[in-house]
Amino acid sequence: MSGAGFLVDLHRCVGCGSCVLACRIENGRTEEPVWRRVVPLNLRRHPGGPTYFLSVACHHCDEPACLRGCPSRAYERRADGIIVHHEDCCLGCRYCEMTCPFGAPKYDEQRGVVSKCHLCADRLDQGLAPACVTACPTEALQFQRPGVAAGGDARAGVPGFVDPAGCRPNIRFTPPRGERRVVLFAAIEEAIRR
Amino acid sequence: MSQSRRDAPPHTAEDSFVAPLAAHGTHVPHSSRSWLWKMSEHTPLVWFTSLAIGGAGMIAAAALRMRPDPAAPAVALAVGTVALGAALLVSTLHLGRKARVPLAARGVGRSALSHEILLAGATLAAGLTLLVMNWQAYPEVWARIAAASTAILFLLSIGLVYRLGGQRTWRGATVLLPLTTGLVCGEVSLLVIGSASIREASVAFWLVPIDVIVFAARWWTLARSASALTPRRLDASRLRNFSAARLLIFDVIPLVLLDMTAAAPAMIAVALGLVLDRWLFYALADQHTTESEIAGVEAIIEHQSRIR
């Protein structure tokens, strides 16, 4: 990871949605669209099978497709790698929705512009962590400072999360540990390899 | 995590829709519900690209065929220019902030969409210039070649706009489809209003087979991505039906009609086929998101558990 981003511990995340709620409160987003979401893997199809939760928002990619594609240059990369979106330049053409392979930019029907997670840049400037990170009760969601490599077992891709467009997203995942990892996580990876 | 949490009932609107079917073992594509919704969302783009491709194709074909008989190409040039102008107006309908259209030029040098918009404007200007020149005298060769080149570049740029890493169904040969469909459209339009000299020199019988090859390559790619082990939302039978209809209406029927020298009905078929082609293009869009990726993984797990 070269820019600022997130580290998600899949062993700790219980899918409570506190991060989603914190994001909505912090950014005053009482209605759709929601910038952060918790996506469960295998929660409904196979109740006895492996389950974990991916808490995802904008990944502030090193090669952001949204920034490259935007015809009005509404996207800008800050020095710390955060990709911010300037709504006053947005045409509402929704091309960034098509280009982003992670579904991060969200179109706001009422305002006619796109918006997305800005990694609580204003909070970071004050020395605070992003609201979603602060609200996580299990510390599964962590902020990664720019230029700092995620340590331990963190990896860029896990089953359910790939980078098909070469965007180099600044998010890392720590896989489940112990028995869950052997029985569940490894079983999914094995199934995909086949 | 507790068992009750794992077995929690569906909690989103889509889950409520899917769960009753899934509980009975029915395979429900993850985004099946969004198919018709996607079309209403993309309707302005379907009309924009249909009009723009048809218009630019007419401008390109007419610009290259103004000698020795400029009368018929001039009509095609006028119709193409009007169609392209209408396309540009229609393209603004899907914008959330229409007044900010001029900002679209800021992305030149970086954004494929900015390049497409600028080339659309340039093609429109080239069409108008050629029309004015034609009013006074035969347009110079350089002017005709410049106009045709701009129109062809614009047709190529339409394909490049949609060559996106996160879109599985808009890659490969799909990029060339606006160019081949546009040129077919332009050439057939000349046959409708053209003189005997234009009909004798027509390249429609070459262009249509080229379009068939390009579309077949796209069809093949789509069919592979819709295979059983790639759990995507593409439904194989729906894909087969619409792709066959497109091939029939845009390529086969016009070719037969042209062989019977029925150029006007051939043009009607080409126009209908062009709209169907663009409709199909957006209907089969397969946007990659984390949710769709997870749906794919879940389907693989399901498939593995079935064959065990």
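**Helix packing, chain contact and a sheet**

Helix α4(B) passes helix α5(B) in a left-handed crossing, meaning that the near helix is turned anticlockwise from the far one by less than a right angle. This is a predicted model, in which local features need pLDDT of at least 70, side-chain atom pairs count only at pLDDT 80 or more, and totals for chains, interfaces and linings use all residues. Residues are numbered from 1 along each chain as its sequence is written, while chains are lettered from A and ligands numbered from 1 in the order in which they are written.

Helix pair in chain B
- The axes of α4 (residues 71-91) and α5 (residues 112-136) of chain B come within 9 Å and cross at roughly 150 degrees; axes are lines fitted to C-alpha atoms, for helices over the stretch in contact, and angles run from 0 to 180 degrees between N-to-C directions.
- α4(B) and α5(B) are therefore roughly antiparallel to each other (angles over 145 degrees).
- Helices (H or I, at least four residues) and strands (E, at least two) are DSSP runs, numbered from the N terminus.

Contact between the chains
- The contact takes 39 residues from chain B and 44 residues from chain A; two residues are in contact if their C-beta atoms, placed from the backbone, lie within 7 Å.
- On the chain B side, α12(B) gives the largest share, 10 residues.

Sheet in chain A
- An open sheet of 3 strands has the order β8-β1-β9 in chain A, with mixed pairing; two strands pair if DSSP finds at least two bridges between them.
- Strand β1 (residues 5-9) of chain A runs parallel to β9(A), joined by 4 bridges.
- A:L7 has A:R172 in β9(A) as its bridge partner.

Conventions. Parallel < 35°, antiparallel > 145°, perpendicular 65-115°, else oblique.
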